[in-house]
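Work through the following exercises with the sequence and the model at hand.

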Amino acid sequence: MKILLRVILSVVAFMAASGMTYIAIQRWTAVKPVNSSTHRQDTLEGVPGLTEGEIISLPQLTALTGETVNLGALRQQRVLCVFVSSRCPGCIRDVDLWRELTEESGKRGVAFYLIGVGDELADIEKFSSAYSLQELPILFDSTHKVGPHLKVGFLPQYILFKRNGEVVHRWDGIRNYDKRTGSEQLAEFFQPHD
């Protein structure tokens, strides 16, 4: 009986230690957002986002390079927008996907942009620098109105638009991109949804 009790106590102690170790590792390795000096609420939490077929006017935004980009006047027939924030700790998990989407969208004739919402310009620049995103097409919303206008309620949020502003498809949340099976995941963004 004493041996059985010792075995049970050993198993319980092992499970407790394993659980605490797992929690500690999760906290230590969690992606931390870039610190922001100011915070703006530019998303509509709890509000349903845009739906397929909905038509909305696409905004004109400023790229980190300084140029102005009118999303509704692009030569491409479709534009894929990813809405992110420097304070979104999970967003950075999709960096590899963003790089692949930049390349793949060019091959497929789709315009691709990352759009910072809720950040000041300095925050987006720090975010871009901290995660080596300078080669990606990043747009900045200086008016802090694009998130509410496009009903962005979850970050990251991916929306594929037609040039006329019609929503082709929307994806909410982290995509958990895996380079080994990446072609299937990339195809999801470019297959016909209409």
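A residue counts as buried under 20% relative accessible area, as exposed over 50%, and as partly exposed in between. The model examined here is predicted.

**Exercise 1.** Classify the ring pair of Phe-127 and Tyr-131, and state whether each residue is buried or partly exposed.

Solution. Step one: the structure contains three aromatic pairs. Step two: in the pair of Phe-127 and Tyr-131, the ring centres are 5.5 Å apart and the planes stand at 65 degrees; planes over 60 degrees apart count as edge-to-face, so this pair is edge-to-face. Step three: Phe-127 has 4% relative accessibility and therefore counts as buried. Tyr-131, at 24%, counts as partly exposed.

**Exercise 2.** Determine which parts of the chain the pair of Trp-171 and Phe-189 ties together.

Solution. Step one: the ring centres of Trp-171 and Phe-189 lie 4.6 Å apart with planes at 50 degrees, so the pair is tilted. Step two: Trp-171 belongs to strand β7 (residues 167–172) and Phe-189 to helix α5 (residues 182–190), so the pair ties together parts that are 18 residues apart in sequence. Step three: Trp-171 and Phe-189 are both buried. Together with Tyr-158, they form one aromatic cluster.

**Exercise 3.** Describe how strand β1 pairs with strands β2 and β5.

Solution. Step one: β1 (residues 60–63) and β2 (residues 68–70) pair in the antiparallel sense over three bridges, with Thr-62 opposite Thr-68. Step two: four residues separate these strands in their hairpin, where Gly-66 takes a positive phi near 105 degrees. Step three: β1 and β5 (residues 138–140) run antiparallel and are joined by two bridges; here Ala-63 stands opposite Leu-139.

Conventions: Residues numbered from 1 in each chain as written. Predicted model: local features only at pLDDT ≥ 70, side-chain atom pairs only at ≥ 80, totals over all residues. Heavy atoms only, no water. Phe/Tyr/Trp six-rings, centres within 6.5 Å; stacked < 30°, edge-to-face > 60°. Buried < 20%, exposed > 50% of the residue type's maximum accessible area, 1.4 Å probe, protein only. Pairing = 2+ DSSP bridges.
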